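Visitor: I'm new to reading protein models. Could you walk me through one, a feature at a time?

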Amino acid sequence: MSTDLTLLFQNIGLSDAKAKETAKNKTLAPTLERTVYAAGLDHAPCEKSTGALLYALASTITPGALPHLDYLAKAIGDSKLTTTDQVAAAIRFVAGKKEIDETRFNEECGVGITVSKEEIIKAVDAYTETVKDKLTKDRYKFFGAYFGGAKKIPDLKWANGGDIKDAVDAKMLDILGPKDERDAVVKKRKEEPAKEEVSEPAEKIPDMFFEGEISKLHRPGQNPQIKPELMEEHLKATGGKYVTRFPPEPNGFLHIGHAKAVNINFGLANAHGGICYLRFDDTNPETEKDEFSKSIMDTVKWLGFTPAEVTYSSTHFQRLYELAVELIKHDKAYICHCTAEEIQMHRGGPERGPRTACIHRDRPIAESLELFEKMKNGGFEEGKAILRMKMDLENGNPQFWDLVAYRVLKTPHHRTGNEWVIYPTYDYTHCLVDSFENITHSLCTSEFAQSRPSYYWLCDALEVYKPVQWESGRLNMAGTILSKRKIAELIRRGNVMGLDDPRLYTLPAMRRRGVPAKAINNFVHTLGVTKADTVIEGVRLDSFIRDYLNDTTPRLMGVFNPIKVVLENLSLDYEMLLAVQNRPKDPSMGEHTIPFTREIWIDGSDFREVDDKNFFRLAPGKTVGLLNVLCPITCTKVIKDAAGNVVELVARYEDTPGFKRPKTYIQWVAESPKHGSPVRVDEVRLFERLFHHDNPLSLAEVPGGYLSDVNEESLKVEREALIETGIWDVMGRWAKTSESKTDYEEVRFQLTRIGYFCVDKDSDLGEIRDLAASKPLGKPAKKIILNRTVSLPVSSALKK
């Protein structure tokens, strides 16, 4: 019954883990089951959004509303209730009622009411007029109250909350302009241990290993064995230490989900003074390469972890073969010639019928031994013979249905060459190599929970030391794909540049985008270790990265689509050197010097030829402040080319006493050849999400398949950006401290009012010794390409 419920709950969009967990909940399971059937959605998978509403109804319905559960479920199934707000209103409306007035129900619950984006914008505009003074005074600190007030507008009661937020973001940007230093949030003293967030993982043991289920794991020596002497030998070899391993297959780059696995495996061992191996489960020569092994080793090191030893399953091929022979001798394995289709039918087929043994299962032991030797010597072609473990076909767990232990693969192995033509499977190899390495805690993700009994079965069948397998939830990202095969297709089609394209969530891609390893580790620690899978929205991870970079990166000024401004009342040779803090209000990060001259460049978005009362940046006759400069400027003249394009502005430097402080300050870059300013950037790559939908692999969300969901606007390139000379200070500090001199992504900084950026590996930074000079002139880097790591918080509005 529990299995049937699990399938039913999976059909409404619950993850495998969530469906299983809910099916075991004696209170929620029957209510949700009744809800699904009442909605008429028990026959086929439904939209995930509809399933979420059914789950919300079943999990929040009150006793007073329970008699009307079927009515409410049907309203969801008929698409009358389409938001959680409507479901909540419906529960409140029917509570305690004997009969339901459908007309009043529809009115009270917003049935059939659709609020367009245009109506939302109009309502927000009208509301803004009532709070404009407060908004212009408090700026972005007023967002919470502003957004909350907008949500309470009567006409927007049933509007989409996300659309309301977009309208609020756009209005704030229009009135206030992008965030600047006035909007910086000053953290309270008690939050300052942010220093701990940037420490190495091994320096501070995270609490996640001393709370929850993982804190209850057995201590070394407490896991029972089929023979007591096995534990005695194990403890003699380990000295009673915790021993874990991170076991990737070298067939691709690690991704964000692996970051959690790396932290858990290395972290548990570190927390208890143990050791962790980096083990390559290299048993599939068709897909594995040395380049992936090197990438994985480099990524683990980049994350801040050092394995006790790098090991390989292939090192044990001979021992694994010998144990397979022992398994046959004990009548616990046999040679099978069935095709994959025949094996599936013996296991019950698509209809899940009765399971049957194949005709090879009871062949004589001596015959299987002879045939296995023939397999080893190349006597069979691929697919013509396999070694299967003789397990328990009557067991309800598919992991007992005579799993394959060996298959023929006549492909050279990247480490053993042509020595072998038969290779062990993951199901056979994994637990045995865990045993060989005396692993105390075999940590894996929840999809391997079914494999745990078969893991133990094989260790006991061969009477070898048996580690403990323990599963935790996977970490997944919404709005992306992690499949190696699908990413390869994106590369083939030219949608992305490679496995390390910054729009992907492979760890090398995130590294190239400029995401610090410590930020990833710290983010994983905030998630903790649970049994449930975790699906993270990209905006949540970006917010964490943004906060981390805010505390750790210097500020520079840069401009896109630059417009030259000539300050007419300053002399031709006017020059002032300004000392600018690398991070405002934080002297500990030091300072750098930039020139201020008669000619400067401003960002194209900071000027409007046609002024607006809600626009506070530069316009004809309008005054604006310059960041880090004492006095503001006022635009007095606009110069255009023959095509009518603005090519230059003339402004007055307002250095007369008593001039009024401007409402807004903008960034700028000086024109000063003497100081090598501005620094011209060859490319600035601005990345957006790669897919339009949160689940591009869902045919319900994306009927045309994931390739049809690719965002063709996910990469925009700025080619005329200018940056202040402080960039050389940032690069110089990197050049003095970098060991490899190739980790360009470590050159990170914030471009004020724009976002956080790093240097891309396609750059050519020239001679490192030039970059390390105290005051480089000219352009010591031959080619500068920047990647946007993450935008500032108003990025969603900036797009509009």
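Visitor: What is the phi of the residue that follows helix 8, positive or negative?

Guide: Good place to begin, and keep in mind that this is a predicted model. Helix 8 is followed by Arg 139, and its phi is positive, near 55°.

Visitor: Where is the kink in helix 8 centred?

Guide: On Val 131, with a kink of about 75°. Val 131 is also one of the buried residues of helix 8.

Visitor: Which other residues of helix 8 are buried?

Guide: First the general idea: an α-helix has 3.6 residues a turn, so residues three or four places apart point the same way. Now look at the buried set in helix 8: Ile 120, Ala 123, Val 124, Tyr 127, Thr 128, Lys 132 and Leu 135, along with Val 131.

Visitor: And how do helix 18 and helix 19 cross?

Guide: For a pair of helices, check distance, angle and handedness. The axes of helix 18 and helix 19 come within 9 Å and cross at roughly 65°, and the crossing is right-handed. Among the residues making the contact are Tyr 428 and Leu 432 of helix 18, and Tyr 455 and Leu 458 of helix 19. By class, this contact has six nonpolar, two polar and two charged residues.

Conventions: Residues are numbered from 1 along each chain as its sequence is written. This is a predicted model: local features need pLDDT of at least 70, side-chain atom pairs count only at pLDDT 80 or more; totals for chains, interfaces and linings use all residues. Side-chain values use heavy atoms; hydrogens and water are left out. Axes are lines fitted to C-alpha atoms, for helices over the stretch in contact, and angles run from 0 to 180 degrees between N-to-C directions. Helices (H or I, at least four residues) and strands (E, at least two) are DSSP runs, numbered from the N terminus. A crossing is left-handed if the near helix is turned anticlockwise from the far one by less than a right angle, and right-handed if clockwise. Contact means heavy atoms within 4.5 Å. Ala, Val, Leu, Ile, Met, Phe, Trp, Tyr, Cys and Pro count as nonpolar, Asp, Glu, Lys and Arg as charged, and the others, Gly among them, as polar. The bend at a residue is the angle between axes fitted to the seven residues ending there and the seven starting there. Buried means under 20% relative accessible area, exposed over 50%, partly exposed in between (1.4 Å probe, protein chains only).
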